[in-house]
Amino acid sequence: MNQELKDLLDRDLTGRVEGRCGVEWKTNRKGVTVAWCRLENGSDLLSVAELLKTSCARLSTITASLPEHARANGMHEIAYHFDFDGDTLTVQVRIPLDDEVDSLVPTFPNADWNEREFMELYSIKVRGCIDHRRLFIDEKIDPAVLDRLIPFSTLVNAASTKTLWERILGKGSEGKQ
Amino acid sequence: MTTTYKIPVGPLHVALEEPMYFKIELQGETIAGVEITAGHVHRGIEYLTSKRNFMQNVILTERVCSLCSNSHPTTFCMALEQIAGIEIPERAEFLRTIADETKRVASNLFNVGILAHIVGFDSLFMHVMEIREIMQDVKETLYGNRMDLAANCIGGVRYDLDAEQRAYLRAQIARVEPLLGEVRKLYETNRTILSRTRGVGVLSKSEALQLALVGPVARGSGVDYDVRKKAPYAAYDKLEFPVVTQQDGDIWSRAMVRIREAQVALDILKQCVDKMREGPIAVTPLPEIPAGEAIAKSEAPRGELIYYLRTDGSDKPSRLKWRVPSYMNWSALSPMMKGNKVADVAIIVNSIDPCISCTER
């Protein structure tokens with residue numbers, strides 16, 4: 001990322017991001033830059049997105065998550081990853097579990113599938129979202145279902161196999177008696 | 001009065017290798033719109049990765065899909081190495097590049113081969129698949145498997161190439177190169193191919209940029225973006241290669257990008273074999289993986305693949321998310337299909353080289 005763009009983003013994002021350092025920049029030995037920032041206020045998301053659009057950003061993807069510390073605070077975390085000609089700026093927001101986040105579709109049309117996916121996988125509500133249809137998961141299944149169901153891998157893990165085997169051996173020895 | 005009606009295509013269809021459901025809106029034989037319904041192979045793999053340790057996830061991510069299987073563990077390892085501050089050895093960078101480019105040749109040839117099948121030119125389809133078979137043999141010989149190479153590990157790679165294996169790779173490249181040159185000429189000049197692909201499924205550069213499309217789909221519309229150049233990783237910063245683009249944005253342009261990228265991949269393979277110096281292939285011992293977060297990108301055969309990883313100091317990801325190129329490229333079908341004939345639905349879908357297993361995870 002060229003220094004001019006870095007300075008521009010540093011200047012325009014200052015005051016909206018958490019921490020005194022503002023945007024955190026890291027450049028690896030091959031010259032690829034990755035930058036991170038977290039907005040203090042989720043309601044700044046739309047204006048920041050519009051600012052990034054005018055700086056020729058491309059929305060690469062969106063990651064929603066509910067890590068333990070955020071769950072304890074009743075917050076979802078959403079990370080928006082923007083590409084600047086190979087470099088990446090990630091803008092993170094925290095949204096209360098029962099609150100809504102603004103849709104980026106009017107600014108970045110490709111946000112559509114990303115938002116539909118996190119609506120169904122994390123039960124996050126999106127304000128201004130045009131398309132509320134499920135993307136992958138069937139309508140009959142509750143939102144955020146993966147957080148609630150027991151994974152098949154747990155169901156058939158080594159412990160249950162051992163239990164099953166002991167039951168079979170037990171049945172076998174009962175038969176002999 | 002023009003009657004509008006809808007016809008279903010899929011989810012199971014002879015021209016689709018994986019299930020996807022399209023509702024095609026027609027006016028007569030002309031396509032007026034398309035609605036895509038996904039979700040037939042959603043497996044919850046992203047969620048599953050948070051229940052597996054980092055080593056297991058190298059294996060798991062390789063199984064997201066088959067055609068670009070190597071790109072997933074490569075990019076996952078890159079993200080993890082970034083968090084742990086691991087710089088992989090130079091030889092490992094070349095070996096990762098060799099694995100990626102070998103997969104690219106096989107993947108691109110599969111797509112252009114299917115294109116020939118869809119237009120009814122089955123002898124060409126079989127010829128392309130025969131050429132691709134040489135690369136399949138390369139994979140089987142060097143990695144022991146035709147699809148999942150198991151080439152990557154955290155901190156480097158799990159395989160090396162000795163002098164005999166490098167000579168074998170050079171010999172196979174020398175076999176493929178002239179055959180691929182002939183195939184390219186056929187796709188450039190054959191009337192059957194040209195009549196079904198020139199001016200069909202057109203996507204303008206502005207539409208490609210607006211929809212944030214990636215890979216050969218974007219490059220076929222003149223978007224000059226390739227992760228290997230824009231955000232170099234592995235050994236790509238040490239190699240000379242062009243970014244292949246076409247300007248017309250039709251089915252033919254996308255196919256030509258893939259054929260030329262297969263040719264470029266062969267050249268990259270030769271450069272890797274020549275430039276690779278002796279040295280370690282992986283970092284040992286591995287450090288503890290601290291809490292942190294990282295973004296890693298690579299150029300999979302279908303375009304930009306991006307991984308986001310967050311760790312919490314344990315041996316499992318706190319969150320692992322990836323966005324595959326196909327995820328972005330589905331949205332191109334709407335502008336590509338409008339105004340075309342219903343008979344072109346299958347060939348237009350094939351022209352974005354969609355990977356449904358990757359898309360749905």
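I began with the secondary structure of chain B and counted 15 helices and eight strands. I note that the model is predicted.

Next I looked up the overall dimensions. Along the principal axes, the C-alpha atoms of chain B fill a box of roughly 75 × 45 × 30 Å. I then checked the radius of gyration: chain B has 21 Å, which agrees with the value near 21 Å for a compact globule, because the chain has 361 residues.

I turned to burial and contacts. Of the 361 residues in chain B, 51% are buried. Among contacts in chain B with a separation of 6 or more, 70% join residues 24 or more positions apart.

I looked for the largest nonpolar core and found 147 residues in it, with Ala79(B), Leu213(B) and Leu333(B) having the most contacts inside. Helix 4 of chain B, residues 90–118, gives the largest share of this core, 13 residues. I followed up Leu333(B): leaving out residues up to four places away in sequence, Leu333(B) touches Val34(B), Ile36(B), Ile348(B), Val349(B) and Ile352(B).

Last, I went through the contact between the chains. Chain A contributes 27 residues and chain B 26 residues. On the side of chain B that touches chain A, at least two residues each come from helix 1 (45–49), strand 7 (303–311), strand 8 (317–323) and helix 12 (325–329). Strand 8 of chain B supplies the largest share of that side, four residues. I sorted the residues of this side of chain B by type and got 13 nonpolar, six polar and seven charged.

Terms used: Residues are numbered from 1 along each chain as its sequence is written. Chains are lettered from A and ligands numbered from 1 in the order in which they are written. This is a predicted model: local features need pLDDT of at least 70, side-chain atom pairs count only at pLDDT 80 or more; totals for chains, interfaces and linings use all residues. The radius of gyration is taken over C-alpha atoms; the globule rule is 2.2 Å times the number of residues to the power 0.38. A residue is buried if 20 or more other C-beta atoms lie within 10 Å of its own, exposed if 12 or fewer, and partly exposed in between; C-beta atoms are placed from the backbone. Two residues are in contact if their C-beta atoms, placed from the backbone, lie within 7 Å. A nonpolar core is a set of buried Ala, Val, Leu, Ile, Met, Phe, Trp, Tyr and Cys residues joined through C-beta atoms within 7 Å. Ala, Val, Leu, Ile, Met, Phe, Trp, Tyr, Cys and Pro count as nonpolar, Asp, Glu, Lys and Arg as charged, and the others, Gly among them, as polar.
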